[in-house]
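Here is a friendly briefing to read alongside the model. Please have your viewer open before you start.

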Amino acid sequence: MLVQAAAPDPARTAERADAATLCPVCGSHRASPWHRHRDMVLCRCSDCALVFLDPPPAPAARTALYTDAYAGASTSYFAKRERKLKRSRARVGLMLRQLGRGADGLAFLDVGANGGFMAEAARQAGFTVTGIEPDPVSVAYARHNFPGIDFVHGFLEQIDLAAAAFDLAYCSEVIEHSGDCNRFVAALARALKPGGLLYLTTPDISHWRRPRDLLRWDAFCPPAHCLYFSPSNLTLLLARHGLTVSRRQFAWKPGIKLFAVKSTLGLDRS
Ligand SMILES: [Zn+2]
């Protein structure tokens, strides 16, 4: 059965109107059920248009989701090593151009390090690199293949990283997996030095090329993806944690790609 994204169930909307589902980004009470997928409910905020899984996955379910998430290091996913490294090097180049300086002496945080390809590309460019990854199989692969890098197993929000330790944080296609986007962004902001740079990408539910039928959109996969942002509500979320969007890249596919800078004023709500 195809479920149309733009067809909220009026009965359910009315039924839950008093449930006080708060929008985690703007705090509005005007968030209501918008789309049902199997036994899951996605709410949409009428004020900022964030779409979010309500309730988010329980911590235990989240851990299970990210154990051997890539079905083993011997699959074709990790076999595409050279292609992944090449693509990662290109992205490191993009980040260095945005930084406007060389990598030597700078600390790089790779959030959602996966098999370690971006972390390795950053190390090759001269950064000192820390990678964080919740999937133990991916961490084992990364540690074995890229021994010059510190890979930490776990979720960003649960790891006790040193505060203000990183010049650059890379977070690609990760925030949409977060059960609590405020804790997640607070942890990102906390890890960055004042003036530090964040490069973040995530699917864009507001994009003009996003399939109207959610089931035909490859980024629609609750409960793994539990947050669906637009550029404006993502900008708002980052701003709440002292991260100011400094540049947005054009995205031909339904995605958001942006750079944000951590405030030098010490705003940190973590
Ligand atoms: Zn909202």
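Predicted model: local features only at pLDDT ≥ 70, side-chain atom pairs only at ≥ 80, totals over all residues.

Residue numbers start from 1 along each chain as its sequence is written. Helices (H or I, at least four residues) and strands (E, at least two) are DSSP runs, numbered from the N terminus.

**The open sheet**
- An open sheet is formed by 4 strands in the order S1-S2-S3-S9, with antiparallel pairing; two strands pair if DSSP finds at least two bridges between them.
- Its edge strands are S1 (31-37) and S9 (227-228), each of which pairs on one side only.
- Strand S3 (residues 51-53) meets S9 in the antiparallel sense over 2 bridges, and Phe52 has Leu227 of S9 as its bridge partner.

**Two covered helices**
- Helix H5 (residues 117-125) is largely enclosed by the rest of the structure, because 7 of its 9 residues are buried; a residue is buried if 20 or more other C-beta atoms lie within 10 Å of its own, exposed if 12 or fewer, and partly exposed in between, with C-beta atoms placed from the backbone.
- The buried residues in H5 are Phe117, Met118, Ala119, Glu120, Ala121, Ala122 and Arg123.
- Their cover includes helices H4 (81-99) and H6 (136-145), along with strands S4 (107-111), S5 (128-133) and S7 (166-172).
- After H5 comes Gly126, with a positive phi near 120°.
- Helix H7 (residues 181-191) is mostly covered too, with 8 of its 11 residues buried; among them are Cys181, Phe184 and Arg190.

**How H4 meets H5**
- The axes of H4 and H5 come within 8 Å and cross at roughly 55°; axes are lines fitted to C-alpha atoms, for helices over the stretch in contact, and angles run from 0 to 180 degrees between N-to-C directions.
- That makes H4 oblique to H5, since angles under 35 degrees count as roughly parallel, over 145 as roughly antiparallel, 65 to 115 as roughly perpendicular and the rest as oblique.

**Val261**
- Val261 belongs to strand S11 (residues 255-262) and is partly exposed, with 19 other C-beta atoms within 10 Å.
- Leaving aside neighbours within four places in sequence, Val261 is in contact with Gly195, Leu197, Thr244 and Ser246; contact requires C-beta atoms, placed from the backbone, to lie within 7 Å.
- Arg247 is 14 residues from Val261 in sequence and 9.5 Å away in space, C-alpha to C-alpha.

Terms used:
Contact = placed C-beta atoms within 7 Å.
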